[in-house]
Amino acid sequence: MWCYRGGSISAEPRINDRIRVPEVRLVGPSGEQVGIVPLAKALELAQEYDLDLVEVAATARPPVCKLMDYGKFKYESAMKAREARKNQAHTVIKEMKLRPKIDPHDYDTKKGHVVRFLKQGDKVKITIMFRGREQSRPELGYRLLQRLAEDVQDLGFVESNPKQDGRNMIMVLGPHKKKTEAMAEAREAQAARKAERQGQPVADEDGSAEEPVVEASVEEPVVEASAEEPAEA
């Protein structure tokens, strides 16, 4: 019985003496086109420049190879991938639950949470929960959602209009600011606060530095994304 015992296929390109073709299309260290040369000549040039011969297009005929510092290339590629992962933004939907007869203080608190979520570049799902006889008054929830949308219109827009879903009414708000922009601004603000604490001048957009202004900094407490009104007795 014939059995294939193959190893895992490497994603790494072939370099130097691992390249097994009679000739290659060679690209120089600065990206210049050298042309089609015998493999032995390409390896000789790589040794002369103290670089590696790296196969960058194995399926081409003949394969394309480039002269480069392969170790440096791998390091820079890893750093770029790491930076891309750090700046990657995931779509997050926060949820805020309200009652149709919410009191003014609770409304302001919930609205503050919605404002914070939108500033962070997150979507917010607003849920109005109807209980008992409230289910016969859907206009109360609709008006409350309209009021909230108007109060935060500078930061977000109505992405999904209010709609009834069983005993609840749901609306989705989308942020005007992209998640990546919000993350970048948050990092800049954090760096500025750190510089102030250390007594360092904070640089302006034009590169000039100003003396830090000493102010009392008060941060908002972190709260859960979903908050629910207590059920009526």
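1. Strands β3 and β4 (residues 64–68) pair in the antiparallel sense over five bridges. Helices (H or I, at least four residues) and strands (E, at least two) are DSSP runs, numbered from the N terminus, and two strands pair if DSSP finds at least two bridges between them. Within this pair, L53 stands opposite L67 in β4.

2. The model under discussion is predicted: local features need pLDDT of at least 70, side-chain atom pairs count only at pLDDT 80 or more, and totals for chains, interfaces and linings use all residues. Residues are numbered from 1 along each chain as its sequence is written, and side-chain values use heavy atoms, with hydrogens and water left out.

3. The open sheet has four strands in the order β2-β1-β4-β3, with mixed pairing. Because β2 (33–38) and β3 (52–57) stand at the edges with a single partner strand each, one side of each is left without a neighbour in the sheet. Neighbouring strands are turned by 35 degrees against each other on average, direction ignored. For such angles, axes are lines fitted to C-alpha atoms, for helices over the stretch in contact, and values run from 0 to 180 degrees between N-to-C directions.

4. Helix α1 (residues 39–49) packs on this sheet and touches β1 (23–27), β2, β3 and β4; contact means heavy atoms within 4.5 Å. The direction of α1 makes about 125 degrees with that of β2.

5. β1 and β2 are also antiparallel, pairing over five bridges, and L26 stands opposite G35 in β2. Their hairpin has five residues between the strands, and G31 takes a positive phi near 90 degrees there.

6. Which residues does E55 contact, leaving aside its neighbours within four places in sequence? They are P13, R14, I19, P63, V64 and C65. E55 lies in strand β3 and is buried, with a relative accessible area of 6%; buried means under 20%, exposed over 50%, partly exposed in between (1.4 Å probe, protein chains only). The side chain of E55 makes a polar contact with the side chain of R14 (2.8 Å). A polar contact is a pair of N or O atoms within 3.5 Å; within protein, one must be able to donate a hydrogen and the other to accept it, and residues adjacent in sequence count only if both atoms are side-chain atoms.

7. The largest nonpolar core has 19 residues, and those touching the most other members are M96, L98, V114, V124, I126, I128 and L173. Such a core is a set of buried Ala, Val, Leu, Ile, Met, Phe, Trp, Tyr and Cys residues joined through side-chain atoms within 4.5 Å. Another core, of twelve residues, lies apart from it and includes I19, L39, A42 and A46.
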